[in-house]
Amino acid sequence: MKKLKICGMKYPENITEIAALQPDYLGFIFWEKSSRMMDVGLLPELPETTKKVGVFVDATATEIRSKINQYQLDIVQLHGNESANFCTEIKQLNVEIIKVFSIGTNFDFSVLEQFLPMVDYFLFDTKGKLPGGNGVTFDWNVLENYPFEKPFFLSGGIGINEIEAIIEFQKTKVAEKCIAIDVNSQFETKPGLKNTIELEKFKKLLYEHEI
């Protein structure tokens, strides 16, 4: 069964509503240029089973350490041009690491190799104007060229309309390495504000189809 990550949470009341759905991961974006920038000083209480993910774009280790301490983050998601050495530095902060790569039609998976020793997961998103939240999917067939055993998150414009595509993706060999579906913009009424009813429906469909 795939896990569910809901990213780009921003508003305390909405965070509480979405947390009640007990997603496996909730993502909070700490990038000043994002319309989903997380600036609430204190998080509402979350279920123990929900891991808190901090999303950063080319932040300094000091900035990341500060947010880990402030929000008790479990995972750091690196969404910029962070080096393998930088990932090693962040790994020493006692968190899991997700390293994000934006996928186009001719992606060279060999660039991932240097990150294998120090990251826990990759996340594959759609190549677009923004580091994330572009709202469109990429061609998942590209992932058939993924040569490693490292588990990954599938992201990029995924919404209710992608359920059938996810079911088809499940039949592929590479899907065995996909541990979670990451959703964001397709479930928003405005940046950072998630539609609880639609997300509940999406989660139910994932479970019904044993995705």
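The sections below take the cavity, then the aromatic pairs, then the charges placed over rings.

## Basis

The model is predicted. Residue numbers start from 1 along the chain as its sequence is written.

The volume of the largest cavity is about 40 Å³. Its lining consists of M1, K2, L4, D24, K203, L206, Y207 and I211.

Helix α5 (residues 196-208) gives the most to this lining, with three residues. By class, five of the lining residues are nonpolar and three are charged, with no polar residue present.

## Aromatic pairs

The model holds 18 aromatic pairs. One of them joins Y121 and F153: the ring centres are 5.4 Å apart and the planes stand at 80°, which is over 60 degrees, so the pair is edge-to-face. Y121 belongs to strand β6 (residues 121-126) and F153 to strand β7 (residues 152-154), so the pair ties together parts that are 32 residues apart in sequence. Y121 and F153 are both buried.

One aromatic cluster is formed by F101, F107, F109, F115, F122, F124, Y146, F148 and F152.

## Charge over rings

Terms used. Predicted model: local features only at pLDDT ≥ 70, side-chain atom pairs only at ≥ 80, totals over all residues. Heavy atoms only, no water. 1 Å grid on protein atoms, 1.4 Å probe; cavity = no way out; pocket = protein on both sides within 12 Å on 5 of 7 lines; lining within 4 Å. Points joined across faces, edges and corners; volume = space filled by probe spheres on them. Helix = DSSP H or I, 4+ residues; strand = E, 2+ residues; numbered from the N terminus. Nonpolar A, V, L, I, M, F, W, Y, C, P; charged D, E, K, R; others polar. Phe/Tyr/Trp six-rings, centres within 6.5 Å; stacked < 30°, edge-to-face > 60°. Buried < 20%, exposed > 50% of the residue type's maximum accessible area, 1.4 Å probe, protein only.
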